[in-house]
Amino acid sequence: MGLFNHIWNTAREWGYTNLISPSTGIKKFKTTYRDIYVEDFVLEKIYACADQRMKDIMDTAYLLGQRPIDVVKIHSSHIYDGILHITQQKTGKKVRFEIIGKLKEIIDRRINKENQWLFTNKWGGKLSRNVLSHHFAELRLQAMETYPELADEISKVQLRDLRAKAATDISLIYSTEDAQKQLGYS
């Protein structure tokens, strides 16, 4: 409705009409947003059902606090001078991460001369966001079957929730400013 109003007002500004927008006075519905924090005990159950590749994906998403689309785009060319350089697809914001600790272990294990993408599909090409979502949905179902007592909590978890978890955990341990920098927020 906002886009329609913008178009109508622009048309009025350009002289195509002098009428008010037909959507004036129309009742709008409130948008509800997801509000979820993945508790450690729920994440541990999902993690326990994951294979090594999915564990590495989950660890990378959490360590970097990046969107899944940015995690699957990581290529060896984004790494130089011991720094991982990511340009976020959604915002274009550039963020950098020092490659140390667990992130270094994952990168050393996954990137080699034959494999330049951090995460690959079954043919060795770049893992797509859709395939990743499908694999995570399968993992979530497996975790729900394995831990039926937590099925309700597990069913609500999406891979993108690791970004919010990372931000919350960083802000609790360090500061809100550190969390904003990690996520690429100004």
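Contact here means heavy atoms within 4.5 Å. By that rule, in this predicted model, residues 24 or more positions apart account for 55% of the chain's contacts with a separation of 6 or more.

**The chain as a whole**

Nine helices and three strands make up the secondary structure. Along the sequence their order is α-α-α-α-β-β-β-α-α-α-α-α. Of the 186 residues in the chain, 38% are buried. The radius of gyration is 21 Å, whereas a compact globule of 186 residues would have one near 16 Å. Taken along the principal axes, the C-alpha atoms fill a box of roughly 65 × 45 × 40 Å.

**Helices α3 and α5**

Two packed helices are described by the angle between their axes and the distance between the axes. Helices α3 and α5 pack at an angle of about 140°, with axes 10 Å apart. The two helices are therefore oblique to each other, and their crossing is left-handed. The table lists the residues that make the contact.

| Helix | Residues | Contact residues |
|---|---|---|
| α3 | residues 52-64 | Q52, R53, D56, D59, T60, L63 and L64 |
| α5 | residues 101-110 | K102, L103, I106, R109 and R110 |

By type, the residues of this contact divide into four nonpolar, two polar and six charged.

**Residue H78**

H78 lies in the loop between α4 (68-72) and β1 (79-80). With a relative accessible area of 27%, H78 is partly exposed, as this class runs between under 20% for buried and over 50% for exposed. Apart from neighbours within four places in sequence, H78 is in contact with K73, I83, L84 and H85. W117 is 39 residues from H78 along the chain, and the C-alpha atoms of the two are separated by 9.9 Å.

Conventions: Residues numbered from 1 in each chain as written. Predicted model: local features only at pLDDT ≥ 70, side-chain atom pairs only at ≥ 80, totals over all residues. Heavy atoms only, no water. Axes fitted to C-alpha atoms, helices over the stretch in contact; angles between N-to-C directions. Helix = DSSP H or I, 4+ residues; strand = E, 2+ residues; numbered from the N terminus. Parallel < 35°, antiparallel > 145°, perpendicular 65-115°, else oblique. Left-handed = near helix turned anticlockwise from the far one by under 90°. Nonpolar A, V, L, I, M, F, W, Y, C, P; charged D, E, K, R; others polar. Buried < 20%, exposed > 50% of the residue type's maximum accessible area, 1.4 Å probe, protein only. Rg over C-alpha atoms; globule rule 2.2 N^0.38 Å.
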